[in-house]
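The numbered points may be read alongside the sequence and the coordinates.

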Amino acid sequence: MFNTSLQMSLNCPSHLSVSVTRQRNVCKRRLNPVLAVPPSSVILHTDESGEFPESRNSSSSSNASLSSCAGSLLCHPNTVGIMGGGSVDSTLSFVRKLVHWSKENEETCTPFVLCSDPVLNRELLSLERNSSTLCSRNASSQFDHSPIVENLLSKRVFLEKSGAQCIVVPCHISHSWHDEVFKGCSIPSLHMAECVSRELKEAKLKPLEAGSPLRIGVLATDVTLKAGFYQEKLQNEGFEVVLPDKATMEHTVIPAIDAINRKDMEGARNLLRIALQVLLVRAVNTVILASNDMCDLLPRDDPLLKKCIDPMDALVMSTIKWAQQAVKEGT
C-alpha cells in the first residue's frame, strides 16, 4: 500500500490548497482530512474564470517531492481525481465516505486530488436551486451553459495533469455535460448515474407486481430531470423509469427546493415525503434521490428513506472498486 495521502482544501475564495503528507495512518487520526493543510503545501490560485496559473511551491520540501513525479502531484496508479460541484458540503461528504469506506479492508485510504472552485460552486448551485425559474422552454434555452462547461473542462485538465488516474464528479447537475467535458480525456471517468444503475442491476431486484417491468423512481430538481442522464442510464440497464408528474413537480418538488432555500426544513421535509409517496404508489422498487439537499432532509431512521438510494454512495463504492483494481494491475 502507499504511504502518501493527498489532502486538499478550497475553503477560501479563489484558491486551491494542496498538501502531501507522509504519515501512514493519517486517515485514522483525522476525521476530516480535506480540511487539514500542514505547512508543506502547494498553492494553486484560480482567477474568476476558473483558470489555473502556474503553481507556486511554498517550501523546498514540496519541490523535492513533486519533482520526482515528473510534474504531477501524485504518481500512484490508483489516484482519484475529485471534481467538486455545486455544494462543498456534498463534496466533503463524498470524501469522508471515500476515506472511511476504503479503509474498511485496507490499511490506508485511497490517494486523491480534490479540486473545488468557489466560482463553479456558485454557478452550479444557482442553476440547480433556481431551476424552478427555468421551467419554461424559453427560459431554459436562453441560459448560457458554456461558461460552466469551460470551467468544468479546465478542472478536468488540471486533475489529469495532477496525476489522477480516474476522475469522479460528486455533483448531480455537473453530469448534464459529462460527455462534453470528458470527450478526449486521457483517463477514465466514473459516471454517477451509470454507477447507481449498475448497482441496482447487480442487486437482482424483482418487480413488485407480477408480470411488470422493474420500475425505478427518480426524484431530483427540475434541471437535473430535464438533462435526462439518469433516465438514459437506467433504461440502458433495462429498468422502467418513473418520474414525478407535472403536478407533483409543481406542487411538491419545486416548492420543497424553495423551502430549503428559505431554510424552512420542516416544510421541505413534509413536501419531500409527499413526493416520495406519490412515486412509491406507482409500484417502483426504489427511488433514486438525485439531490444532495433532498438526501439530507429526512432523518436516517425514516421509513421512507429506507426505500430510497443515494447515487453518491454508489459512486463512492465504484470509486473504491476502481482503486482496488488499479492497485492489483499495478503490482
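1. A strand pairing. Val218 has Ile288 as its bridge partner, and Ile288 belongs to S11. The strand S11 covers residues 286-289, and its pairing with S9 is parallel, over 4 bridges. The model under discussion is a predicted one, and the points below should be read accordingly.

2. Burial of S9. Is this strand, residues 215-219, mostly covered or mostly uncovered? The strand is mostly covered, with 5 of its 5 residues buried. The burial extends to both faces: Arg215, Gly217 and Leu219 lie on one side, Ile216 and Val218 lie on the other, and all are buried.

3. The chain as a whole. The chain contains 14 helices and 12 strands. Of its 331 residues, 55% are buried. When contacts between residues at least 6 apart in sequence are considered, 68% of them join residues at least 24 apart.

4. An open sheet. Four strands form an open sheet with parallel pairing, in the order S6-S5-S7-S8. Strand S6 (112-115) and strand S8 (189-190) are its edge strands, each pairing on one side only. The strands S5 and S6 run parallel and are joined by 4 bridges. Val80 stands opposite Phe112, a residue of S6.

5. Leu73. This residue is located in the loop between helix H2 (60-67) and strand S5 (80-83). Leu73 counts as buried because its relative accessibility is 10%, and buried means under 20%. Leu73 and Ser162 are 89 residues apart along the chain, yet 4.9 Å separates their C-alpha atoms.

6. His175. Where in the chain does His175 have its place? His175 is in the loop between strand S7 (166-168) and helix H7 (178-181). With a relative accessible area of 4%, His175 is buried. Leaving aside residues up to four places away in sequence, His175 touches Val169, Leu190, His191, Met192 and Phe229.

7. Cysteines. How many disulfides does the structure hold? The number is 0. Cys308 is in no disulfide, and the nearest cysteine sulfur, belonging to Cys295, is 7.9 Å away.

8. The largest pocket. The largest pocket holds about 450 Å³ of space. Its lining comprises 20 residues, of which Ser87, Asp89, Asn292, Asp293 and Asp296 are the closest to the centre. By class, the lining of this pocket has 7 nonpolar, 5 polar and 8 charged residues.

9. Helices around the pocket. Which helices each supply at least two residues of the lining of the largest pocket? They are helix H3 (88-102), helix H4 (118-129) and helix H13 (292-295). Among the contributors to this lining, H3 gives the most, with 5 residues.

10. Cavities. There are 5 cavities of 30 Å³ or more in the structure. The largest cavity contains about 100 Å³ of space. Of its 11 lining residues, those closest to the centre are Ser87, Leu125, Glu128, Asn292 and Asp293. The lining of the largest cavity divides into 3 nonpolar, 5 polar and 3 charged residues.

11. Helices around the largest cavity. At least two residues of this lining come from each of H4 and H13. The largest share is that of H4, which provides 3 residues.

Definitions and conventions:
Residues numbered from 1 in each chain as written. Predicted model: local features only at pLDDT ≥ 70, side-chain atom pairs only at ≥ 80, totals over all residues. Heavy atoms only, no water. Disulfide = S-S within 2.5 Å. 1 Å grid on protein atoms, 1.4 Å probe; cavity = no way out; pocket = protein on both sides within 12 Å on 5 of 7 lines; lining within 4 Å. Points joined across faces, edges and corners; volume = space filled by probe spheres on them. Nonpolar A, V, L, I, M, F, W, Y, C, P; charged D, E, K, R; others polar. Buried < 20%, exposed > 50% of the residue type's maximum accessible area, 1.4 Å probe, protein only. Contact = heavy atoms within 4.5 Å. Pairing = 2+ DSSP bridges.
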